[in-house]
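Thanks for coming, everyone. Please have the sequence and the model up on your screens. I will go through it topic by topic.

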Amino acid sequence: MNRTTLGYFLMAISAGAILWGILRLGSRLQAPPDWSGEWETVADDVQHRHVTIQQSGVYVHLNMDGQIEPCKLENGYGWQLKGPHRSWSTQGVLGNGELVLTDYASSTHLTLRRTAKAADGSH
Amino acid sequence: MVHISPILTLLMQIGIVLAASRAIGWLFSKFNQPQVMGEMIAGIMLGPSLLGLFWPQAMAAVFPPASLPLLNILSQLGVLVFMFLIGLELDPKLIRNRGHAAVLISHASIIAPFILGSLLALFLFPRLFNHDLEGHMRFTAVALFMGAAMSITAFPVLARILTERNLHRTRVGAIAITCAAVDDVTAWCLLAFVVAIARADTTHGITPALITAGASVIYVGVMFLVVRPLAGKLQMYYDRTGRLNQHLVAAALLLMMASAYVTEKIGIHALFGAFLMGALMPKGGKFVHELSVRLEDFTVVFLLPIFFAFTGLKTQIGLLDNVELWGYTLLIIAVACAGKFGGSTIAAKFSGFSWRESSAIGILMNTRGLMELLILNIGRELGVITDAVFAMMVLMAIITTAMTTPILHWVYPRKLFGEDESAPATVKPGFSVLIPIAYPRSGAGLLELAGAIAGRDASQTIYALHLRPPVDREAYRSGIDPEPEAEPLQPLLAHAAKLKVPVEPITFVTRDVPGDIARVAEHRKCDLVMMGFHKAVIGTAILGGTVHRVLSQTETNVAILVDRGYRGAKKILVPYLGSPHDTLAMEVARRLGAQPGVQITILHVVAPDRQMNAGAVKVVESVFSEPGLSEQLKFKVVQGEDPVSAVVQYAKDADLVIIGVGEEWGLESHLFGFKSERIAEEVENSLLIVRRHHPLPAPMPLPPLPGGERAGVRGETSQV
């Protein structure tokens, strides 16, 4: 085996090892849950509202009846959706498929049920 | 709301997309950017990032959501045929005959960005991606996809840049094009693997991935062992009939569709199937070349802009609405450049290139262009990347492509490899004429006249220059023309061989024809640039358009031949008013006078009742000072109000009129034909319009006459 072949061999081995390490490390990472799609409110205490969530990781655009609010998801005691004017706390999507958003400042609850996922598989 | 039928909506959409894409593509090409860059940006402009942002009603009217599925199908069909074309263009020789340097650089230019892209995924995954609870290998798909997306090189755009800058004949260009071809094949294979992994995510663990892998191996085996020989039969059929008939086109398209169908069904995406089918078509013959020519115009002009528009509709730059997101965008661009540029540059340096050449290779490999958009669309469609990451990566693709040409120009300027580089070695002693030839069939008259002016001495040189503007097809495909480069000059060279006039051909691709004529003339130290006049599409001025720009940019003497059947001149008329350009006209005539039997008439036009100018006599005597010319020279003084009319009248008896530019003659270089060019229009014989930059050297001395008589000027006055 000449020096060049050995060099290539080492390059391929080290690249494979690095990639394996990256994939191992990454498998422990937790990305935010995927809430993107079309939702509507189901709780009785609020007016029926249509909500669209557009999400890229922790960056969320909450569109309530045409009013878009850019928010950011933060993981503390459960997920918190922080916008410029208000914050929502949530436990995420429940077993029955509902997403409950609670604004403690105004004691408002929003219970959302997904009507459609984001179009063409994207978020 | 007004209901518009789907077909009307589609026609309107396609019309707007085509117009915008052609217009902005053209605009970008004027700024030395690949046309495809402009077309990509046109697509983004029609989407929510610009039109939707400033005029949402218009965007909603032009692209109503219900119409998008149809547009999507057209766009998918476009990229399918395009990938087939890319496969057709793939030259297996580029991949097989790689030298040591190409092997190292191509491997490094894939591995480095792949690892860095995967590493970047570690940082971005918790921030910009979402965890699908059903998926078991979500990060794996994201990391591998980011790696593959960072590794891509836009082979077609790169080839276009190389051709435009005439780099493709250099060592740097050859290495870059080879590495790009290898990267393309590798990246598409990697992507097929990533797609299989990503699709397996949403189902049940590793089993579907293994099934896909097994099916892929069988598919590739069948393609090589069964389909490839079958495609070879198409070549044989073509060779037998000698033409590409519609049955052959249909058979090739059927094979492509079948291959795409199978790969989509297996789970490694239809685009891979189309690409592989194209790559396995028989290479080397005219069949593939003709097939790609047949398919490309409709694909590139009609279908690809729809793909760009559809990509633009999905690109929401508005999502990047805070500093953090723009920071991530910059990080993605930095990692993309570090991986591709850094990896290739270091590998090239390691392979023995200079730092400057290594950087040029790195910059070229960093071009991503349209191929990146194809990959990104697949990633978005699979749900591997989010909307914000899609927008960031589209920006990265545009920026890395846009930066290639200017940075390459800065790092690896043309003087290092182009015409200027070889200047000291190629400049030849003696008189030299440069004749730029625009069309293959033109130039016979120019050549004969140039040969006569240069003389038959061995030290004289005639350069025939053909500058080829880049053609549209090169915006997307390899653009390395398989035809011999000097092909357009062949008729001229054959004519030169017949006349026994030695001609040195020069051919290259340029966007700046007048500028490069000037540069070649300067570099070769030509004494005279002589070009023909071709009637312009817009404007009628003889000294307008390209001719105007050559006249104003070239730092040597220039002559424009208005060829009205020139086949040698025995009677030459040189109108003279006293300008330096008129003196050049006499000098050119003097060189022609070195041929036996040539009669030269100097026509000096003066105001009525005035005698000839003594200064004029001195100039004529100094130009025609050599012994033996007096017999051939006639100095005619004409009194008249209108010098132009006098020239037109006396030109009737001449085979060739040589005249200096100048307002006195109604001949001045200008862009449009605002001024009268009466002489050019009314003189019935061939006309050579000259513009002086420096004096011409004297021709080889004529044999002295008995008694050593010098030329003397004897004026003969008449009135017009």
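The rule covers rings of Phe, Tyr and Trp (its six-membered ring), with centres within 6.5 Å; planes under 30 degrees apart count as stacked, over 60 as edge-to-face and the rest as tilted. Take B:F125 and B:F139: their ring centres are 5.2 Å apart and their planes stand at 80°, so this pair is edge-to-face. The pair links distant parts of the chain. B:F125 sits in helix 7 (residues 100–128) of chain B, and B:F139 in helix 8 (residues 138–151) of chain B, 14 residues apart. Helices here are DSSP runs of H or I with at least four residues, strands are runs of E with at least two, and both are numbered from the N terminus.

A word on where this comes from. It is a predicted model, in which local features need pLDDT of at least 70 and side-chain atom pairs count only at pLDDT 80 or more, while totals for chains, interfaces and linings use all residues. Residues are numbered from 1 along each chain as its sequence is written, chains are lettered from A and ligands numbered from 1 in the order in which they are written, and side-chain values use heavy atoms, with hydrogens and water left out.

Back to that pair. Are B:F125 and B:F139 buried or exposed? Both are buried. Buried means under 20% relative accessible area, exposed means over 50%, and partly exposed is in between (1.4 Å probe, protein chains only).

There is also an aromatic cluster, formed by A:Y59, B:F123 and B:Y328.

Next, charges over rings. The test is NZ of Lys or CZ of Arg within 6 Å of the ring centre and within 35 degrees of the ring normal. B:R591 lies over the face of B:F431, 3.6 Å from the ring centre. B:R380 has its charged end over the ring of B:F390, at 5.6 Å from the centre.

Now chain B as a whole. It has 27 helices and 11 strands. Of its 720 residues, 58% are buried. Contact means heavy atoms within 4.5 Å. Among contacts in chain B with a separation of 6 or more, 83% are between residues 24 or more positions apart.

Look at helix 13 (residues 270–280) of chain B. How many of its residues are buried? The count is 11 of 11. Among them are B:F272, B:F275 and B:M277.

Then helix 15 (residues 323–350) of chain B, which holds B:T329. B:T329 has 2% relative accessibility, so it counts as buried. Leave aside its neighbours within four places in sequence, and B:T329 is in contact with B:L320, B:M392 and B:L395.

On to the place where the chains meet. 30 residues of chain A are in contact with 38 residues of chain B. Together the two chains bury about 2800 Å², 64% of it on carbon and sulfur atoms. Buried area is the accessible area (1.4 Å probe) that two parts lose on being put together, summed over both.

Between chain A and chain B there are 10 residue pairs in polar contact, both residues at pLDDT 80 or more. A polar contact is a pair of N or O atoms within 3.5 Å; within protein, one must be able to donate a hydrogen and the other to accept it, and residues adjacent in sequence count only if both atoms are side-chain atoms. Which element gives the largest share of the side of chain A that touches chain B? That is helix 1 of chain A, with 11 residues.

Last, salt bridges. Each is a side-chain nitrogen of Lys or Arg within 4 Å of a carboxyl oxygen of Asp or Glu. B:E324 is partly exposed, at 38% relative accessibility. A:K72 is partly exposed too, at 26%.

Within chain B, B:R368 bridges to B:E372, with the closest N and O atoms 3.7 Å apart. Both residues are buried.

B:D516 and B:R519 also meet in a salt bridge, at 2.9 Å, N to O. Both lie in helix 22 (residues 513–523) of chain B, three residues apart, about one turn of the helix. B:D516 is buried, at 2% relative accessibility, whereas B:R519 is partly exposed, at 36%.
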